[in-house]
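Student: I would like to go through this structure and ask what stands behind each label. Please set the values against the cut-offs.

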Amino acid sequence: MKKTLEDAVVVLNRAILPDIWQMELLSPKIAAGAEPGQFVMVKKPKSAHLLRRPFGVADIDDEKGTITLFYRILGEGTAELSTLRPGESLSVEGALGTGFTLTDESALLVGGGLGLAPLLLLARRLREKPVVIIGARSEPETFWTRFFTPHAKAVYIATDDGTSGFHGYPLHLMPLVLCENEVHAVKVCGPDPMMDGIARLARSAGLSCEVSLEKRMACGFGVCLGCTFEGKATGRRRKVCTEGPVFAAEEVFE
């Protein structure tokens, strides 16, 4: 879609965990055209921070014209976002990038941490309810279950410390999930090592796989070249902000 610059109105901005927040924005123009896997660049008006920050679109309410974002407080910029109250405005540019392929086949969605955010809208938009693996450090971060359950045929949990679900990483849980479910495509977002392992396992199982990259971005539309990487399959520099953030796994991992 054509990108839009919109003064969005904060509808909801709440802490789910002390460092993880959910924000809902009234942004009807962006909500009308955003696709799963795309992202927006946001900036608080009159902020001392000059650059916009990228966030994946986690959900859309078509009737209300709202988009939902999740963010982790890591520094001054994201801490500043947490001070926004309902009724205040936020400058939003989007939706940007190339998103996931909306397959008709049964899909497995695998997410780690905030990498689960862009997979939520994908789960809602897929024609067939997907199977989902939620990767988290510990039980509190499995809050994603309540968001995914209405849109998934099955939800599996893997925690690093074993406080909820499978004790281990999503990669180690995936063989069991594939045995219990018929899956034809895999969609992944999260830390690079996790995505690399999932992509390798998908390839060995003969499954197509798409990965969504998380990169620092300054512009969001391919000018600054700060988010580029060397494509493995094509051998050329790829821009995550415009050609991605979603790529075929073989373009990102060997």
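This is a predicted model: local features need pLDDT of at least 70, side-chain atom pairs count only at pLDDT 80 or more; totals for chains, interfaces and linings use all residues.

Student: Which domains does the chain have, and how do you know where their bounds are?

Tutor: The domain assignment gives domain 1 (4-96) and domain 2 (107-251). Their centres, taken over C-alpha atoms, are separated by 21 Å. In contact across the two are 25 residues of domain 1 and 24 residues of domain 2.

Student: What does Val186 touch?

Tutor: Not counting residues up to four places away in sequence, Val186 touches Leu108, Val110, Met174, Ile198, Ala202, Leu207, Ser208, Cys209 and Glu210. As a general point, nonpolar side chains in soluble globular proteins tend to be buried together.

Student: Why is Ala107 called buried?

Tutor: The cut-off for buried is under 20% relative accessible area. Ala107 has 2%, so Ala107 is buried. Ala107 lies in strand β8. Leaving aside neighbours within four places in sequence, Ala107 is in contact with Leu126, Pro130, Val131, Val183 and Ala185. Ala107 and Val42, by comparison, are 65 residues apart in sequence and 30 Å apart in space, C-alpha to C-alpha.

Student: What makes helix α3 mostly covered?

Tutor: Seven of the nine residues of helix α3 (residues 117-125) are buried. The buried ones are Ala117, Pro118, Leu119, Leu120, Leu121, Leu122 and Ala123. Their cover includes β5 (59-61), β6 (66-72), β8 (107-112), α4 (144-148) and β12 (185-189).

Student: How do you know that Asp19 and Arg72 form a salt bridge?

Tutor: The cut-off is a side-chain nitrogen of Lys or Arg within 4 Å of a carboxyl oxygen of Asp or Glu. For Asp19 and Arg72 the N to O distance is 2.9 Å, so the pair qualifies. The pair links distant parts of the chain, with Asp19 in the loop between β1 (4-17) and β2 and Arg72 in strand β6, 53 residues apart.

Student: Are Asp19 and Arg72 buried or partly exposed?

Tutor: Partly exposed runs between the 20% limit for buried and the 50% limit for exposed. Asp19 is at 25% relative accessibility and therefore counts as partly exposed. Arg72 is at 16% and therefore counts as buried.

Student: What makes Glu35 and Arg125 a salt bridge?

Tutor: The closest N and O atoms of Glu35 and Arg125 are 3.8 Å apart, so the pair is within the 4 Å limit. Glu35 lies in the loop between α1 (28-31) and β3 (39-43) and Arg125 in helix α3, so the pair ties together parts that are 90 residues apart in sequence. Glu35 is partly exposed at 38% relative accessible area, and Arg125 counts as partly exposed at 26%.

Student: What do the side chains of Arg237 and Glu230 form?

Tutor: Arg237 and Glu230 meet in a salt bridge at 3.4 Å, N to O. Arg237, at 46% relative accessibility, counts as partly exposed, and Glu230 is partly exposed at 38%. Elsewhere, salt bridges that share partners join Asp19, Arg72, Arg137 and Glu141 into one network. The structure holds 15 salt bridges.

Student: Why can Leu26 be part of a nonpolar surface patch?

Tutor: A patch residue needs over 30% relative accessible area. Leu26 is in strand β2 (residues 20-26). Val9, Val11 and Leu26 make the patch, which is about 190 Å².

Student: Which residues are joined by cis peptide bonds?

Tutor: Another joins Gly244 and Pro245, with omega about 15°. Pro245 lies in the loop between β15 (237-239) and β16 (246-248). In general, most peptide bonds are trans.

Note on methods. Residues are numbered from 1 along each chain as its sequence is written. Side-chain values use heavy atoms; hydrogens and water are left out. Contact means heavy atoms within 4.5 Å. Buried means under 20% relative accessible area, exposed over 50%, partly exposed in between (1.4 Å probe, protein chains only). Helices (H or I, at least four residues) and strands (E, at least two) are DSSP runs, numbered from the N terminus. Patches are made of residues with over 30% relative accessible area and no salt bridge: like charges are joined within 9 Å, nonpolar side chains (Val, Leu, Ile, Met, Phe, Trp, Tyr) within 5 Å. Accessible areas come from the Shrake-Rupley method with a 1.4 Å probe; for residues, only the protein chains shown count as cover. Domain bounds come from an automatic or database domain assignment.
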